[in-house]
Amino acid sequence: EEKGKGSMVICLDCSGSMQEGLRDLWSKALIVALVKLANEEDRVVSVIRFESVCFEPIEIQPKADTDTLLGLLAMSPTNGGTEFQPPLQKARGIIDQDKDYSEADIVFITDGIAPLSSVFLQEYSESLEKMKANFFLLEIEPERGWSNALRDLASESWVIDAEGNFDELGAVFTAC
């Protein structure tokens with residue numbers, strides 16, 4: 001079964017912990033690369049920035065100028081906490097409500113620090129299956145010892161070590 005290659009909904013963690021080290025820089029670089037790839041393949045992309053609150057999605061149509069995206073990424077808010085449920089629900093809502101996003105891929109970029117209930121995870125997993133959506137997880141220098149419930153949702157997941165371990169980075173772009 002071929003994974004990926006549909007429209008993309010990218011969820012970007014902008015919380016305080018993502019500002020430590022090079023997480024913020026690498027996560028935004030990955031988004032720019034994914035959007036450029038999607039543009040080349042005529043794929044629609046929405047970027048949802050989140051922390052303890054979820055911000056309005058930035059939609060990028062195929063072949064669109066990405067200057068607006070770059071400006072908004074440069075000014076992403078960072079007020080602290082992290083909540084995963086709101087951006088996951090917003091991503092699902094985009095896929096459910098817009099025919100351009102049927103069978104879309106959700107790309108979730110985070111350092112993995114936020115709890116999710118098992119009930120929500122089960123329900124969300126079932127909705128991904130029903131929507132024929134893939135869920136890709138990119139963890140940027142994840143916190144050690146943190147139980148990342150998002151891995152259970154992921155069709156595929158990767159850990160990006162911002163200190164130089166990029167062995168699997170090519171696989172990210174092949175899958176998404």
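Rings of Phe, Tyr and Trp (for Trp, the six-membered ring) are taken to pair if their centres lie within 6.5 Å, and planes under 30 degrees apart count as stacked, over 60 as edge-to-face and the rest as tilted. By this criterion, six aromatic pairs are found in a search of the whole structure. The model is predicted, so local features need pLDDT of at least 70 and side-chain atom pairs pLDDT 80 or more, whereas totals for chains, interfaces and linings use all residues. Residues are numbered from 1 along each chain as its sequence is written, and side-chain values use heavy atoms, with hydrogens and water left out.

In one of the aromatic pairs, the ring centres of Phe50 and Phe84 are 6.1 Å apart and the planes stand at 75°, so the pair is edge-to-face. Phe50 belongs to strand 2 and Phe84 to the loop between helix 2 (67-74) and helix 3, 34 residues apart. Helices (H or I, at least four residues) and strands (E, at least two) are DSSP runs, numbered from the N terminus.

An open sheet of mixed pairing is formed by six strands in the order 3-2-1-4-5-6; two strands pair if DSSP finds at least two bridges between them. Strand 3 (58-60) and strand 6 (156-160) stand at the edges with a single partner strand each, so one side of each is left without a neighbour in the sheet. Strand 1 (residues 8-13) and strand 2 (residues 45-50) pair in the parallel sense over six bridges, and Met8 stands opposite Val45 in strand 2.

The axes of helix 3 (residues 85-97) and helix 4 (residues 118-131) come within 11 Å and cross at roughly 20°. Axes are lines fitted to C-alpha atoms, for helices over the stretch in contact (heavy atoms within 4.5 Å), and angles run from 0 to 180 degrees between N-to-C directions. Helix 3 and helix 4 are therefore roughly parallel to each other (angles under 35 degrees; over 145 is roughly antiparallel, 65 to 115 roughly perpendicular and the rest oblique).
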